[in-house]
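Student: I would like to learn how to read the features of a structure that is new to me. Could you take me through this one step by step?

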Amino acid sequence: MADDRTGQDVARPGSRAVERSSDVEQRQISNEARLIRGVFRAAGVAAGTVVRGSQWAVGTTYEVTREITQAALDGESSAEIAERTGNALRSIARSALGVTEGSVREIVSYVPTSNGPTSSQQALTVGPYLRSASTEELRRRGDALLARSADVYFTEDVHPAYDRILDELAPDEARILRFMALNGPQPSVDVRTNRPLGIGSELVQGDLTSVPEQAGVRYPDRARSYLINLNRLGLTLTSDDPVVLSRYMVLEVQPVVEAALKKAGRAPKIVRKSLRLTEFGEDFCRTCFTIGS
């Protein structure tokens, strides 16, 4: 059994020996962690850093950059982004730097996660959008809006959503909007099975229209997705109010409608409706497009 005065640990049973070996391991972890933290800090990865768009992790290793960028493109939360970053750091620490598992855990704890205090989390800017990381940040932004609304010197030429909406429109969708802004409401139909008194009637296909084809879209096979997106953005709506009856004659002989009629079986029922721009959509078109003769 070695003496304490030799400067070496004494192999005694009990908690004292356990505490000493734990202290040695902790010093090892801390030294490695401090070294590697310094590397990542120099590379630009630090807790609480506000990262903007394509500047995320500039100068960092390829693995960390790839993980963070993919997380941003996927629209993940700050906690999910931190988890991805932590996994990348684990891989680098183990394979490239050869550190212990304890050091890996300590190094990864350097990356902010959802276990930390939410009040200190930052708002992340992903592309042109702002993602709030906490209730406190949401409250701050909401109060800022109220303050601007009370400021008689604050002016806003257009609705702030228009800039974001333009980023979420396909070129073909812009053609559809321009067509509707020039030509007004367009015919739309539902095809249903025919049942006595309408009881038990089933929808075969709804909101059928030839607007995308009339607008001259380049990708007609995406027409359904285009119309769904325009509705999602609040620019168009399907109304129960029909347009002039004669305008349905052309629509009801289109291949997509004829296919739905055959699928509906004997004596199918056609419900005539209309596709229209919302008031919001009309103002958007006037503001964002040059619409003339």
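Student: What is the order of the strands in the open sheet?

Tutor: Strands of a sheet pair through backbone hydrogen bonds, in either a parallel or an antiparallel way. This is a predicted model. In it, 4 strands form an open sheet in the order β4-β3-β6-β5, and the pairing is antiparallel.

Student: Which strands stand at the edges?

Tutor: Those are β4 and β5. Each has a single partner strand, so one side of each has no neighbour in the sheet. From one strand to the next, the twist averages 25 degrees.

Student: How many bridges join β3 and β6?

Tutor: Strand β3 covers residues 186–192 and strand β6 covers residues 269–277; they are joined in the antiparallel sense by 7 bridges. To see one of the pairs, look for Arg192, whose bridge partner in β6 is Lys269. Strand β5, residues 236–239, is also paired with β6 in the antiparallel sense, over 4 bridges. There, Leu237 has Arg276 of β6 as its bridge partner.

Student: Which strands does α7 lie across?

Tutor: Helix α7 lies across β3, β5 and β6, and runs at about 95 degrees to β6. Another helix, α9, packs on the sheet as well: α9 touches β4, β5 and β6, and its direction makes about 100 degrees with that of β5.

Student: Next, the nonpolar core. Which residues of the largest one touch the most other members?

Tutor: The largest nonpolar core has 21 residues, and those touching the most other members are Ile165, Leu169, Ile176, Leu177, Met180, Leu235 and Phe284. At least two core residues come from each of α6 (161–167), α7 (171–183), α8 (211–215), α9 (223–232), β6 and α12 (279–288). The most come from α7, which gives 4 residues.

Student: What is Ile176 in contact with, apart from its neighbours within four places in sequence?

Tutor: With those neighbours left aside, Ile176 is in contact with Val211, Pro212, Ala215, Val217, Tyr226 and Leu230. Another core, of 10 residues, lies apart from the largest one; Leu208, Leu251, Val257 and Ala264 are among its members.

Student: Now the charged side chains. How many salt bridges are there?

Tutor: The count comes to 7 salt bridges. One of them joins the side chains of Glu168 and Arg232, with N to O at 2.8 Å. This pair links distant parts of the chain, since Glu168 sits in the loop between α6 and α7 while Arg232 is in helix α9, 64 residues apart.

Student: Are Glu168 and Arg232 buried, partly exposed or exposed?

Tutor: Buried means under 20% relative accessible area and exposed means over 50%, with partly exposed in between. Glu168 has 24% relative accessibility, so Glu168 counts as partly exposed. Arg232 has 51%, so Arg232 counts as exposed. Arg164, Glu168 and Arg232 are also linked in a network of salt bridges.

Student: Which residue forms a salt bridge with Asp190?

Tutor: That residue is Lys273, and the closest N and O atoms of the two are 2.9 Å apart. Asp190 belongs to strand β3 and Lys273 to strand β6, so the pair links distant parts of the chain, 83 residues apart. Asp190 and Lys273 are both buried.

Student: Finally, where does Met249 lie?

Tutor: Met249 lies in helix α10, residues 248–251. Its relative accessibility is 62%, so Met249 counts as exposed. Distance in sequence and distance in space can be read side by side here: Met249 and Pro187 are 62 residues apart in sequence, and 9.7 Å apart in space from C-alpha to C-alpha.

Terms used. Residues are numbered from 1 along each chain as its sequence is written. This is a predicted model: local features need pLDDT of at least 70, side-chain atom pairs count only at pLDDT 80 or more; totals for chains, interfaces and linings use all residues. Side-chain values use heavy atoms; hydrogens and water are left out. Two strands pair if DSSP finds at least two bridges between them. A nonpolar core is a set of buried Ala, Val, Leu, Ile, Met, Phe, Trp, Tyr and Cys residues joined through side-chain atoms within 4.5 Å. Buried means under 20% relative accessible area, exposed over 50%, partly exposed in between (1.4 Å probe, protein chains only). Contact means heavy atoms within 4.5 Å. A salt bridge is a side-chain nitrogen of Lys or Arg within 4 Å of a carboxyl oxygen of Asp or Glu. Axes are lines fitted to C-alpha atoms, for helices over the stretch in contact, and angles run from 0 to 180 degrees between N-to-C directions.
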